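Please open the model in a viewer and keep the sequence panel in view.

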Amino acid sequence: MRYIPHTEEDVRQMLATIGVDSIEDLFEEVPDDLRLGREMELPEPLSESELVRQLQELAGQNATSSGYLSFLGGGAYNHFIPAVIDQLISRSEFYTAYTPYQPEISQGTLQAVFEYQTLICQLTGMDVSNASMYDGASACAEAVLMAARATRRKKVLLAGSLHPEYREAVETYCRYLEMELSQIPFGADGRLDEKALAAGLDDKTAALVVGYPNFFGVVEGLTSLAVTVHAAGALLVTAVPEPIALGLLKSPGECGADIVVGEGQSFGMPVSFGGPGVGFFAARQKTVRSMPGRLVGRTTDREGKDGFVLTLATREQHIRREKATSNICSNQGMCALMANMYLCLLGKKGIREVAEQNLAKAEYAKKALAALPGVALAFSGPTFNEFVMTVDGDLGRLLQELERQKVLAGVPMSRFRDDMPNSLLICVTEQHRRQDIDRLVDLMKGGTA
Amino acid sequence: MRPGTSGLQLNEKLIFDHSDPGRKGYSLPRLDVPAAVLPEGLVRAEVEGFPEVSEVDVVRHFTRLSSWNYGVDSGFYPLGSCTMKYNPKVNEKAARIDGFANCHPYTPQSLSQGALALMYDLQAALAEISGFSAVTLQPAAGAHGELAGMLMIRAWHEAKGNRRTKVLIPDTAHGTNPATAALCGYDVVPIESKGAGVLTAETVAEFMDDDVAALMVTNPNTLGLFESDIKKICDIVHEGGGLVYCDGANLNALMGIARPGDMGIDVMHFNLHKTFSTPHGGGGPGAGPVGVTAELEPFMPTPVIAREGDAYTLQFDLPQSVGRLRSFYGNFGIMVRAWAYILTMGAAGLKRASEMAVLNANYIRARLEPVYDLPHRHRSLHEVVFSDKDLAGDCHTLDVAKRLIDYGFHPPTIYFPLVVKGAIMIEPTETESMEILDEFCDAMLAIAEEAKNSPELLHEAPRLTRIKRLDETTAARQPCLCWLPEE
């Protein structure tokens, strides 16, 4: 076995040093009746070349953006990934290290996390960011718990337009914590119904959670929501599933958000069938001590040299145990590093330009599709790089026809909602050329005619 | 030869300090559609503070940062309870295959059969390795798996109409265990191990009552000892109407030897980034699948991967499910790596891994026991815990850890488990050779000598690193968590 270096002679010598006769003797504390007593039933071991062949065959059964023209989004996005990122994260000093518990030999990870925290603060317009969470949905759930801690209130309002999987994760996390969750409906523009919000808010409300852009791709009027929510003494939690949008949209912080969470997969990570990506989590300075997750801070060493350490650990599970702000331990460090690299490469101009391209291409597609007979835009509100189209006739059949043409036209909303059987969430990014969009339009025209 | 030495180190600024207006590190295609604008009031100014750097700046920056890190590929990394085994390179390649890396989670199921098949087979393999009836792959890390498992336990009780309020947790547990129990609305009742090192059936019986929902154990426990009363303990908890949760962080001691599911345990999480060789990434991503008995299967998180004839499907309709813990289906890229590892090792290889991990821990124990205090005498499994009690020269565990860095080794886990004062928790894993273990043990013994003769070498350690011991107190009192442009 090439990963295990022991020769039989090594084993013999080591057993002699230990003072036992056999490997078996080392397991003497495991009672006989608990022994497996047979070989596990697993596939026969493969050589490296057999393994690669078998996995390639398996992977070949999956449709990807290489073989298909894909307009799938809805929380996982196909953006261009510069070659630099994979080269740099393949440095095994980064990926084979553990959580930076020994700062003197982990300064690479620690400085990178500090930079990541800074980039997230700049992008979201917040004061502090943690080192990362599992993903956007679990970060959203943690934000709800933090809002409840910070306000000592138990009622949380969730926008009906929030990503349904984010809502479900919130429900799971809150399941046994005596929280009261309710949904605020959206209007014909796809934005939160502000009258319903005003009616739903009271002095028990900890927070409103709203997507930005929301699950329909619609950009909410965050500033006015913040005013309403704050008037009730509640916090505004903003969930950002597509953070490329923040290159162009007013930052949630500038709009008055108190906690900003989101999914960072768009920043240099492949979609990878839904994970790993990275959850980001940012908040205001005054609430830093009730934040979940790891934080890296700047300090100095014995010789006065700048360095970085994990800090404010008294919030965390290994110190506070059951009183901790969260049970999170390992997070998505490597993915946060990828996000850091991506944002550095793009920089101030690039994040703007890529966001503008996403908007322009999506608007081009939106206009062309909405002009087709039998196709209509579901919501009138402004959108970023996704939008919902309603299609007359049998959407399922249309999608299957398009699949045969190697086109994945979008995510059918029927997957999530019974009340939108003919609606399709279509995502257009900088990866789509004009001719790709024209092709989708032509096929939809043929399919719906 | 001692691996630690001094050499040229390169300093590196924060990326923000490299910024120069006009530099860029990206390229985008020419915009081939008309530009579009958003309604007024929605648009921000440029992101203030974002760097403007060239591609070369970025490459040098991160290359230099990486050189300040110590990884498993740099050398021996005996971090107890973390199972820092070698991360096979072919697994990295596997996760990057186009069909895995670039398959969107909402791809129609008929067009993502390869991904679903892999998940289904991995579930089955983990079930076989652990002796559970079903496995969910959704949790993103060990603590996330604990949350899934404890939620299922609570849901099981609630379905029976029992609102039990307490969870028993031995003081040898990971810190995540009590935090997780609290997240599920339970009160935590600590069980003191009273120096015994293992939990006895009698102790559990004393604590068991009608209000106990579950016992959370780790087996082998955090002292590296097998809980040999485990079967009896599970029986007692079951007779009292409770369930047993096992933290699977230490499964690397038991593969092919004994299975938690056969011991009476009801729920256990795996750490794919420990036992199944996936890299820890400097703090994740990991994956924390959870195995359960048939009785708990209806409560698994959704969606569940199932097989219907020749087709693999995602099942969303589980009326008693605890729900979803995150978006999509879990950290799929990590599952690919773990599956590649299992396919490479096979049943005999995994058993051999556990045997060699246990051999290595016992070898280190035998070599260091004459000099370092060993608080518990039971046979060690995959890790061994010493204390700093016998160290001379006012030297403590932290000093040994820092001095090990000068010798070129990553320190063990220190001051954990809490039940051992000044704990030095060493987990060597099976991928280390006898030569490496000897180098490490020689260093540990030399350090104990230094503590007697020149304790300043320990107190001043590490001396060879670019950065010396850091001021953590100021970092916590006046937190600086974000770079700000100079006024």
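The predictor's confidence in each residue is given as pLDDT, on a scale from 0 to 100. Chain B averages a pLDDT of 96, and 100% of its residues score at least 70. The model scores ipTM 0.98 and pTM 0.98.

This is a predicted model, in which local features need pLDDT of at least 70 and side-chain atom pairs count only at pLDDT 80 or more, while totals for chains, interfaces and linings use all residues. Residues are numbered from 1 along each chain as its sequence is written, and chains are lettered from A and ligands numbered from 1 in the order in which they are written.

**Stop 1: chain A as a whole**

Select chain A. Its secondary structure comes to 15 helices and 15 strands; helices (H or I, at least four residues) and strands (E, at least two) are DSSP runs, numbered from the N terminus. The C-alpha trace of chain A spans about 80 × 55 × 50 Å along its principal axes. Of the 449 residues of chain A, 61% count as buried. A residue is buried if 20 or more other C-beta atoms lie within 10 Å of its own, exposed if 12 or fewer, and partly exposed in between, with C-beta atoms placed from the backbone.

**Stop 2: the contact between the chains**

Now display both chains. The contact takes 166 residues from chain A and 169 residues from chain B; two residues are in contact if their C-beta atoms, placed from the backbone, lie within 7 Å. On the side of chain A that touches chain B, helix 13 (residues 333-370) of chain A gives the most, with 23 residues. The residues of that side divide into 77 nonpolar, 50 polar and 39 charged. Here Ala, Val, Leu, Ile, Met, Phe, Trp, Tyr, Cys and Pro count as nonpolar, Asp, Glu, Lys and Arg as charged, and the others, Gly among them, as polar.

**Stop 3: helix 8 of chain A**

Select residues 164-174 of chain A. Helix 8 is largely enclosed by the rest of the structure, because 9 of its 11 residues are buried. Among them are Tyr166(A), Val170(A) and Cys174(A). What do the buried residues of helix 8 of chain A pack against? Their partners are helix 7 (136-151), strand 3 (155-159), strand 4 (180-184) and strand 6 (235-240) of chain A, together with helix 5 of chain B.

**Stop 4: the seven-stranded sheet of chain B**

Move to chain B, where an open sheet of 7 strands has the order 1-7-6-5-4-2-3, with mixed pairing. Its edge strands are strand 1 (134-136) and strand 3 of chain B, each pairing on one side only. Two strands pair if DSSP finds at least two bridges between them. Strand 2 and strand 4 of chain B pair in the parallel sense over 3 bridges, and Leu168(B) stands opposite Leu215(B) in strand 4.

**Stop 5: helix 6 of chain B**

Select residues 176-183 of chain B. Helix 6 is mostly covered, with 8 of its 8 residues buried; Asn177(B) and Leu183(B) are among them. The covering elements include helix 12 (317-320) of chain A, as well as helix 5 (142-159) and strand 2 (166-170) of chain B. After helix 6 comes Gly185(B), whose phi is positive, near 80 degrees.

**Stop 6: Met152(B) and the nonpolar core**

A nonpolar core is a set of buried Ala, Val, Leu, Ile, Met, Phe, Trp, Tyr and Cys residues joined through C-beta atoms within 7 Å. The largest such core has 319 residues, and Met152(B) is one of those that touch the most other members, as are Cys140(A) and Val144(A). Helix 9 (residues 332-368) of chain B gives the most to this core, with 22 residues. Not counting residues up to four places away in sequence, Met152(B) touches Val267(B), Val292(B), Leu296(B), Phe299(B), Met300(B) and Val322(B).

**Stop 7**

Finally, find the open sheet of 3 strands in chain B, ordered 10-12-11 with antiparallel pairing. Strand 10 (384-386) and strand 11 (413-414) of chain B are its edge strands. Val384(B) stands opposite Ile426(B) in strand 12 of chain B.

Select Phe416(B), in the loop between strand 11 and strand 12 of chain B. Is Phe416(B) buried or exposed? Phe416(B) is buried, because 20 other C-beta atoms lie within 10 Å. Not counting residues up to four places away in sequence, Phe416(B) touches Ala423(B) and Met425(B). The C-alpha atoms of Phe416(B) and Gly175(B) are separated by 9.8 Å, although the two residues are 241 residues apart along the chain.
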